Structures are given as structure tokens and as C-alpha cells.
Protein chains: 2
Amino acid sequence: MRQAHTPGNKVFAAEKLLLGRMMESLGNPPLRIALWDGQEISRTDNPSAQCVLIRDRGALMKLIANPEYWLGEMYTAERIAVQGNLVDFLETVYRHLPRSGQGKKSLLAPFNSNTLPKAFRNVRHHYDIGNDFYRLWLDRRMVYTCAYFPDWTMALEDAQIAKMDHICRKLRLKPGETVVEAGCGWGALALHMAMHYASKVRAYNISREQLAFARECVRNEGLDGQVEFIEDDYRNIRGEFDVFVSVGMLEHVGTDQYREFGEVMQRSLKEGGRGLIHCIGRDQPRLMNPWIERHIFPGACPPSLSEMMEIFEPYEFSVLDLENLRLHYAKTLEHWLQRFEDSAGRVAEMFDPAFVRTWRLYLAGAQAAFRSGDMQLFQVLFARSGDNRIPSTRDYQYVA
Amino acid sequence: MRQAHTPGNKVFAAEKLLLGRMMESLGNPPLRIALWDGQEISRTDNPSAQCVLIRDRGALMKLIANPEYWLGEMYTAERIAVQGNLVDFLETVYRHLPRSGQGKKSLLAPFNSNTLPKAFRNVRHHYDIGNDFYRLWLDRRMVYTCAYFPDWTMALEDAQIAKMDHICRKLRLKPGETVVEAGCGWGALALHMAMHYASKVRAYNISREQLAFARECVRNEGLDGQVEFIEDDYRNIRGEFDVFVSVGMLEHVGTDQYREFGEVMQRSLKEGGRGLIHCIGRDQPRLMNPWIERHIFPGACPPSLSEMMEIFEPYEFSVLDLENLRLHYAKTLEHWLQRFEDSAGRVAEMFDPAFVRTWRLYLAGAQAAFRSGDMQLFQVLFARSGDNRIPSTRDYQYVA
């Protein structure tokens, strides 16, 4: 039930005390908090610091109970507002959050297992919202993963191509080689590998909407013979390939499934095979923000590197090269948010204004998370253990 | 007691059966085994396959009981010999070893903890053998870690300089910055950083012999004011620095000490600090070969990446970049073994022929381990979590 916003409805001293405790638990970010009765609580002397406006008592109580979840809910409901730049506000919050929560995950993980039916549901929740929606703010190839900006001023379209080339170069793709892709989104990388590296790609995805788009692209380019899209879970990958690639999917695979993920890589790679995993990660094992987990990415869980190693270490793989592209994801999200805002009116028509606020907060929050180091982007290149046909230096990655 | 080598002393059928079982447990490497009575057991049709000669019954029994330990002992005692190239023989063995032993380590680790007094004993065992000995086969700067060969035909002297530059470039060392080095060997990197990057280096080592050499070099170069060598354990590092670097030491730190190692990094790095860890590693957690552990490196234990993350994940660090230089260590060891063989006569005079055989087997075995993928070489670059003054691409590492 919505509370009245009248200045007459005064904030109690006990409420301010609890709010103070909450701010402490968040590491006392240097923010201003304006309350519905006109009072302000400040953790900074800077008068131009970002200000969060709490419009009613119910919103305050919810925020105090669980700020990581209810900030999002109350922002979407317009019961909390942010004055000033939303990304900067969220970055300030992230930068001050205590680095706790280690070990928490292991307690909850068993209740959050991405079984096959659940994986289908989770994917449909996010990726089957509709191609028309994503087309409004992604690049024309619909690449919904971190781009690569060798030049920081590069256009998003070019940076997505640069990312695909960066991956293909790392993998040293040779004409005629076979590639299996676990989780292919709208198919841009599969298409790119076929068109520019003469690879034969078999790509798996469980999002019907994405595959429809991907198949149409392949037909339009006349590459039907080289690229095969399969509507199925990565766990059902069959066959042996020269290359295993997975971009932006591991973060949707629960850590309790990593051993099986590795087993799929193990049985899918030929001798002399190699692969690349590109995924969102963390500096420490930690739970996903519960609001993002509920509204945006059910079942998502970016791994720390020690967690990620579970896909390699039980099997015959050597990690050759790891690159952290965190700032590239912040830049990518800056582009996406800009495009999203440019189309906010259209999005509101397609869905409703609350949907716009939810997605705005998600895109701004993700940008803030990558900027502040709360999230990382790992690109991990690997090969079969003991294979000596590996490049001795990485110069080759930096030759056009 | 040495057994007779006479052909009359026939090998029993039961002994051959046990030998067969041992070969099975080693993954049936395609080798020939010649026994003291002239009989041969072969696991290959290739008549030019490497052949191991077992000269007496006692040696066979010991080998059967624990091949990973007794091969070394019996080789040193000349009761087992290898016909053909020793490195190739050992590589064949390594390549066929079953990838087992995971988890084993956790059972034994508590009994193998590198407490401070033990760490001192272990270091003196290996590094205080005498500078004159190492001078015979290391480069003139006495760098006793993996070199970096941007050109595979490069001389060892140049490859060691290239390695130091590769590290300094990765770290983006700026003039006047302060560096702390945990485990500095004979001081080459500290000296290099001071001479070529105008850094101020404080370097820790517990090997007295190495430090005497390092201090003399610093005096000779007139760099006393810029480099300080401290005879103490890394756990006693004090102060705050721009850069933390450790090359070839973590493999001597027991995995049960990693949390403390990370704590030292945590308290030693300024805000905006960064660091590099260069160490021998494994694709899976596994125990050190027991013969190497006893005779060459007591207390050594190369970590897998999931184990290594224990020095980063409990603290405020982001892994930015990881490079596997395994083949560079194989190449480095090829140079060392060649130089060692060239000086084998001198070594035998300084010690005895058994010492020569022990070290020959160690250098050949290490080369085989890196060639076969049994061991890895990880170079890990890291920074403070959330620090955005990090390079966006790695091009900068490949500019001379």
C-alpha cells in the first residue's frame, strides 16, 4: 500500500537511526538521502553529491530491510528516485560496499541449480522478450556481450566486430576448421567465423527467438552449409570439434553445473583442440544482486576465477591466456544505455514505463558494477594439456 | 645391497608380471625395458624407442614399489640407466602418466607446512649449494627462473633480459616508483628495475649466498641507494609500495601459506598498486614428484590456478592478465642442461659423480615436465580491485 508523501507525515527518530545503520552496512557511501518530509541525511560534505529521494515510509522500511533487493523494486515503482547521474550514483554505492558475502553462495547454490527445464525458463525470461526490443539498442548484428574497443572512441558496431576478431585471432582459426559454440545469442559470432575465417560452426542455443533471427541471417548470407544452429541445451552437444567457444553463457550456468560444463568441453574437443570462454566474473565468489537475479537474469551467477577453474581442472586442459576486459564492458554498457534512452519512448509503448525504469536501472547498474570493479569480464583461452602446437608469445593477437 | 648383474640370475615370471602391472599404472608408456638377465619387455613395436636398463633385482623391486621416487634414486646410483635421449625418455613417461592424484594433496599438505624455520632449511638445501656451482650453467646475471624467448633462437642471456623487460612492461613501471620483491634470487630483476626503469626496489630473500652475490652486483653498479636487499622471509615484509613482484617463489610457498602470502600483498600495496606473480604451476592440483621434493626442492609445490587464487580472492585484487609460458621454461631448461653437461666434469670435481647424475636427471626431468604439459609457468598480473588506471588493451606489452 502506498504511503502518503506529505511533509506532515514526519520521519521518526527511530527510522533515521535505522537508516543510519543501513548506510553503515553499505560502507557509508558519500551520498545524500532526502526523505518525504523534507529532512535530509548526508554522508558527505559535498553539496553536489548524488542524492537519493525516498518518497514514503513503506519504501524506507523495505530499503532498510534489504537494500540490495528493494532499491530496484522501489526505483521501478517510482517510490525512490535518484537525483543526478544514475550510473555515478550506483558506482558510488558499489565502490563502498563492504567486500563481504564470501562463502554465502555455497549455502544457497543447491537451491538454485539450473536443471534443464529451469534453464529453459530462465532463458525465455530474458532472451525471448522479443527481438524487436533488443534491436532498439544493440548493434545491428545483435551482439549482446562485452565488445572490445582497441580504440576507446570506436563505434559500438565496430567494437563488436573487433571483439569477434579478437576471439578468432586468439583461437588461431584456420579455414575449414570445425567450431562448436555453446550459447550463441543471435548468432553473430558463428556467422562471423564462417564469413571471415571459413570455419564450419555448429551453434547451440535454447532461445527460440534468437535462433529465428540467427537462421535468417545465415540464409541471407548464403552460409547455410557452413553454419548450423541447433535449438538445444549445451549439455546435449554431440560430436568432436577443433574449437570450443562460449561467449557470455557461463555466467548463466550455475557453478554447481561447472563440472558438467567441463565434461562437455572434454568430450567435444578433438586432440589438438582449443577453446575460449568469455564470461562475466567476480574478484571473489559472491551472490548475484537479488533484484537483478529476480527481474533480469534468473539463475545467473558470475564466477570468481577459482570457481571458474572447475570447468578446466578436472579435465585435460591448460589455461594459456586470460584477459580481463572489465572496462570494455563498462564502455559497451555506456553505448547500450545511451541507445536505450534514445528509444525509451518506444520501449514504454512496447511494454510500459515501469519496464523502462527496470531496464534503465539494470543497464546503469551493470555499467556501475564494471566501472567499480564489482564485476569483471574474463576471456580465457585454453588448449589440451601437453599440446605443444600453441603459440609461444601473444604478439600474434596484436597483428591486424 | 647391490645385486649381481649376471645373466645367470634370471628374472622370475612373477617379477615380470609385477613390472607389467607397474607399467600399466604408469599408463603404459611406449618404452622398452631391458633387464639384467638380457630379457626385454616392450610396450612398443618401435625398435628405436627409448630403452631403460634395470641392472639388478633390488632396483626392479624398488621401482615396482614406487616408480616416481625410486627411478631417481636408482638412476643416481647407476642401477638404472637410460639408453637414448634422457629428456625424450622422461617426456614419454610424463605424457602417459594417468592424470590422477587430485585431492591427494589436501591429505598431506598439513604435514608439509613451510613454517619459518623449515623455509630457511629448505632454501639453504637448494640455493646455498654455492654460487660457483650455479655460475657454471646459469646466465651471467644468475637468473634461475624461466626466461622469455620472443625469438626462439635467442641466446639465454638475452632471453633472461627479455623476461625481465616483459615483466617490467606488464607492470608499467614508472621512474621513481617503489617495488617490493618477495624472493629475489641473485638479485637480477631488482637490479634490472633500478638500472633500466629507475625504480626503488626493496628485495627479500633468505638465502645468504644469493644475497652476498646480489649486494656485490649492486655495489659494482653504484646502485646502493636504489636497491636494498633484506635477508628475511617474505612474511616479514614491511612498508607500502607501488608494485609487488615475486618471480619463481610461490612454488616454494606451501599452499597452506597462500592466505598469508596474499595478506602480505594486501598490506604491502599502496592504493593504485599492482603486482605480478610468476611461478611454476599445474593444470590440476597435484603433489610434487617425491624424488624432486626430497633431493632438489624440499617443500616445493607448484599450484593449480584454483589453488593460486587463494592469494588473490580473499583480498582486494583483480587478476588482469595471465600468461602461460610453459614452453619458454622447456627452452630455458634446454639451455641450462646443455651448459650443465658442458661443465659436468667441473661439477663432478666440486661434488661427486652421483651429484652430477642427480642434477642431470632433475634438469632433464623438469624440461620433460614442461614439454609434456605436466608443469606450467603462470605469469599473473593483478591490480587493486576497482582501480580504473589499468591499460584497456595489452598492445603496450608488445611494443619494444
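This is a predicted model: local features need pLDDT of at least 70, side-chain atom pairs count only at pLDDT 80 or more; totals for chains, interfaces and linings use all residues.
Trainee: Why are β2 (40-42) and β4 (80-83) of chain B said to stand at the edges?

Mentor: In chain B, 4 strands form an open sheet of mixed pairing in the order β2-β1-β3-β4. Each of β2(B) and β4(B) has a single partner strand, so one side of each is left without a neighbour in the sheet. Neighbouring strands are turned by 20 degrees against each other on average, direction ignored.

Trainee: What makes β3 (residues 51-54) of chain A a partner of β4(A)?

Mentor: Here 4 bridges join the strands, which run antiparallel, and A:C51 stands opposite A:Q83 in β4(A).

Trainee: How do you know on which side the crossing of α1(A) and α2(A) falls, left-handed or right-handed?

Mentor: A crossing is left-handed if the near helix is turned anticlockwise from the far one by less than a right angle, and right-handed if clockwise; that of α1(A) and α2(A) is left-handed. The axes of α1 (residues 13-25) and α2 (residues 57-65) of chain A come within 9 Å and cross at roughly 35 degrees, the axes being lines fitted to C-alpha atoms over the stretch in contact, with angles from 0 to 180 degrees between N-to-C directions. A:E15, A:L18, A:L19 and A:M22 in α1(A) meet A:L60, A:L63 and A:I64 in α2(A). By class, this contact has 6 nonpolar, no polar and 1 charged residues.

Trainee: Which residues count as being in contact, and how many does each chain give to the contact between chains A and B?

Mentor: Residues are in contact if their C-beta atoms, placed from the backbone, lie within 7 Å, and 35 residues from chain B and 35 from chain A take part. The largest share of the side of chain B that touches chain A, 8 residues, comes from β10(B). Strand β10 (residues 317-324) of chain A is joined to β10(B) by 3 bridges, the strands running antiparallel, and the bridge partner of A:D321 is B:E323.

Trainee: What relation do the two chains have?

Mentor: Chain B can be laid on chain A with an RMSD of 0.0 Å by a turn of 180 degrees and a shift of 0.0 Å along the axis, copies being superposed by least squares on the C-alpha atoms of residues with pLDDT of at least 70 in both. That is the relation of a two-fold axis. The same surface serves both copies, since 100% of the contact residues of chain B recur in chain A.

Trainee: How confident is the predictor in chain A?

Mentor: On pLDDT, the predictor's confidence in each residue from 0 to 100, chain A averages 92, and 94% of the residues score at least 70. Over residues 101-112 of chain A, however, the pLDDT is below 50. For the complex, the predictor gives an ipTM of 0.93 and a pTM of 0.93.

Technical notes
Residues are numbered from 1 along each chain as its sequence is written. Chains are lettered from A and ligands numbered from 1 in the order in which they are written. Two residues are in contact if their C-beta atoms, placed from the backbone, lie within 7 Å. Helices (H or I, at least four residues) and strands (E, at least two) are DSSP runs, numbered from the N terminus. Two strands pair if DSSP finds at least two bridges between them. Ala, Val, Leu, Ile, Met, Phe, Trp, Tyr, Cys and Pro count as nonpolar, Asp, Glu, Lys and Arg as charged, and the others, Gly among them, as polar.
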